[in-house]
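Have a look at the fold before reading on.

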Amino acid sequence: YLHSVTITGLTPGTKYYYQALTDGSALSPAGDSSYFFKTAPPAGTATPFTFAILGDSDGDTGIAAQYANLKPDFVLTDGDIVYPYGGSVSATTEGRQDGRYYDIYQATMKNTPYYAVCGNHDYHPNGCATPDVMDQENPLPGGGKMGGGNTTYYFDYGNARFVALNSN
């Protein structure tokens, strides 16, 4: 299941702890200090940060382990995270996205924002994979549609601007 929550009123550069619940049942243990996220530093500040770039992974558990050790402030994918989609979308492609992306990187995703971009292997004739596979399952700045294309957007992190362009 895909759940997305918008939280407002957070302070920049702050670590927040959370517990995930659904229908009153805990998905994460109460008081577990491994469930946290950090907000970006204040815009325009020269606060040091780290980031990682992920591409052509297609379920590489070795890369996932490296990211868990690096503990980047965020991860930017440059596409080709799950492939091939092969021009038609089905439950099989959805399963590949879940098993070879979300399941593999879940250890860092619980603490680290991932910003997805469509690559040539993620491409589907009707757009980037399908709206329900790539766009809707990866909440992105501006809905991922700045400049008109799916997964084309930018975001500021401290004193840096990151531009994500759909390579298709």
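## Ground rules

This is a predicted model, where local features need pLDDT of at least 70, side-chain atom pairs count only at pLDDT 80 or more, and totals for chains, interfaces and linings use all residues. Residues are numbered from 1 along each chain as its sequence is written, and side-chain values use heavy atoms, with hydrogens and water left out.

## Overall layout

The protein chain has three helices and 11 strands (DSSP runs numbered from the N terminus: helices are H or I with at least four residues, strands are E with at least two). Going along the sequence, you'd read β-β-β-β-β-α-β-α-β-β-β-α-β-β.

Of its 168 residues, 37% count as buried, meaning under 20% relative accessible area with a 1.4 Å probe, protein chains only.

## The cores

A nonpolar core is a set of buried Ala, Val, Leu, Ile, Met, Phe, Trp, Tyr and Cys residues joined through side-chain atoms within 4.5 Å. The largest one here has 11 residues, including Leu54, Val75, Ile81 and Tyr105. β5 (51-54), α1 (61-70) and α2 (91-109) each give two or more residues to this core, and α2 gives the most, with three.

Apart from this core lies another, of 10 residues, with Val117, Tyr153, Tyr157 and Ala164 among them.

## Surface

The accessible surface of the protein chain comes to about 9400 Å², and 54% of that belongs to carbon and sulfur atoms (Shrake-Rupley method, 1.4 Å probe).

Definitions and conventions. Buried means under 20% relative accessible area, exposed over 50%, partly exposed in between (1.4 Å probe, protein chains only).
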